[in-house]
Amino acid sequence: MRVVVCVKQVPEITEVKIDPVTHTLVREGVPSILNPFDEFAVEEALRIREKHGGEVTVVTMGPPQAREALVKCLAMGADRAILLTDRAFAGADTWATAYTLSLAIRQLDYDIILCGKQAIDGDTAQVGPELGENLGIPQIAFVKKVEVDEKARKVIAHRETEDGYEVVECRLPVLLTAIKGLNEPRLPSLMGIMSASKKEIRTMTATDLGVNLEELGLKGSLTEVVQVFAPQPRQKGVVITEADPAAAATKILGFLQSQGIV
């Protein structure tokens with residue numbers, strides 16, 4: 001099985017901070033990590049390779065420092081990695097990102113493509129499905145279990161829905177997006193960390209993709225961010241302490257009237 005995994009390096013933050021002047025995300029001084037949902041995708045790819053043989057290739061698009069995320073994937077056990085990095089890719093929305101990834105993946109041989117269900121910095125869950133659309137292959141999102149039938153060239157995927165789960169059978173090639181619970185990602189071993197430095201990380205630029213630059217990055221994006229802002233902090237509620245129900249009701253009514261609600 002030839003498995004390609006798309007990953008992303010994201011800020012390691014518990015609270016998003018917005019620059020009050022530029023209204024953009026503050027990334028300076030914020031450490032970066034491999035997107036947690038992508039770890040499930042990498043782990044599943046490794047399990048498929050261990051059971052069926054083959055090769056695992058990880059791909060990411062980002063600035064040069066995104067190489068760190070690829071190194072972790074290689075330390076986990078991936079065979080090789082590709083870094084798409086070019087200023088022409090900057091400002092890409094989900095569609096331009098998926099399109100750029102598809103151009104690189106078209107140059108590879110693959111049976112299965114795995115992505116995390118979403119990146120924790122954007123939370124759109126769009127890149128995986130859009131990548132499948134760009135490549136013209138079926139995609140199954142929110143996968144919690146994967147069975148590969150190599151002889152029949154198909155997968156059986158169990159996917160979560162709002163009402164429970166579905167079991168979907170699909171011929172290869174196919175794109176799957178992984179959710180938490182699909183597996184338990186392994187920690188890189190000392191040997192894996194040491195061998196990661198010897199594995200191939202191929203760098204690709206816009207020139208390598210052979211495409212019109214107008215279709216990449218900000219210029220190739222179909223959406224436009226007008227403004228990014230932090231929501232106002234929630235204010236403390238009003239506590240009614242009157243023990244008498246009638247008095248409490250009168251006070252509540254007065255408060256609602258003062259707010260123009262009633």
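Picture a 1 Å grid laid over the protein atoms alone: a cavity is a set of grid points where a 1.4 Å probe fits but cannot get out, and its lining residues have an atom within 4 Å of a point. Grid points are joined across faces, edges and corners, and the volume is the space filled by probe spheres set on the points. Rolling a probe the size of a water molecule over the atoms shows where empty space is left.

So what are we looking at here? This is a predicted model, where local features need pLDDT of at least 70 and side-chain atom pairs count only at pLDDT 80 or more, while totals for chains, interfaces and linings use all residues. Residues are numbered from 1 along each chain as its sequence is written, and side-chain values use heavy atoms, with hydrogens and water left out.

## What lines the cavity

Searching the whole structure turns up 1 cavity of 30 Å³ or more, and the largest cavity holds about 30 Å³ of space. Its lining is made of Arg2, Val3, Val4, Glu55, Thr57, Arg80 and Asp109. Strand 1 and strand 4 are the elements that give two or more residues to this lining (strands, E, are DSSP runs of at least two residues, and helices, H or I, of at least four, numbered from the N terminus). Strand 1 supplies the largest share, 3 residues.

Sorted by class, the lining has 2 nonpolar, 1 polar and 4 charged residues. Here Ala, Val, Leu, Ile, Met, Phe, Trp, Tyr, Cys and Pro count as nonpolar, Asp, Glu, Lys and Arg as charged, and the others, Gly among them, as polar.

Follow the strands across and you get the order 9-8-7-10-6-1-4-5-11: 9 strands in an open sheet with mixed pairing (two strands pair if DSSP finds at least two bridges between them). Strand 9 (164-171) and strand 11 (201-204) are at the edges with a single partner strand each, so one side of each has no neighbour in the sheet. From one strand to the next, the twist averages 30 degrees.

Zoom in on strand 6 (residues 112-116) and strand 10 (residues 174-178), which pair in the parallel sense over 5 bridges. Cys115 has Thr177 of strand 10 as its bridge partner.

## Two helices together

How do helix 1 and helix 2 pack? Their angle is about 35 degrees and their axes are 10 Å apart, the axes being lines fitted to C-alpha atoms over the stretch in contact, with angles from 0 to 180 degrees between N-to-C directions. Glu39, Val42, Glu43 and Leu46 of helix 1 meet Lys72, Cys73 and Met76 of helix 2, where contact means heavy atoms within 4.5 Å.

Most residues other than glycine have a negative phi, and most peptide bonds are trans. Asp123, though not a glycine, has a positive phi of about 60 degrees. Leu172 and Pro173 are joined by a cis peptide bond, with omega about 0 degrees, and Pro173 sits in the loop between strand 9 and strand 10.

Definitions and conventions
1 Å grid on protein atoms, 1.4 Å probe; cavity = no way out; pocket = protein on both sides within 12 Å on 5 of 7 lines; lining within 4 Å.
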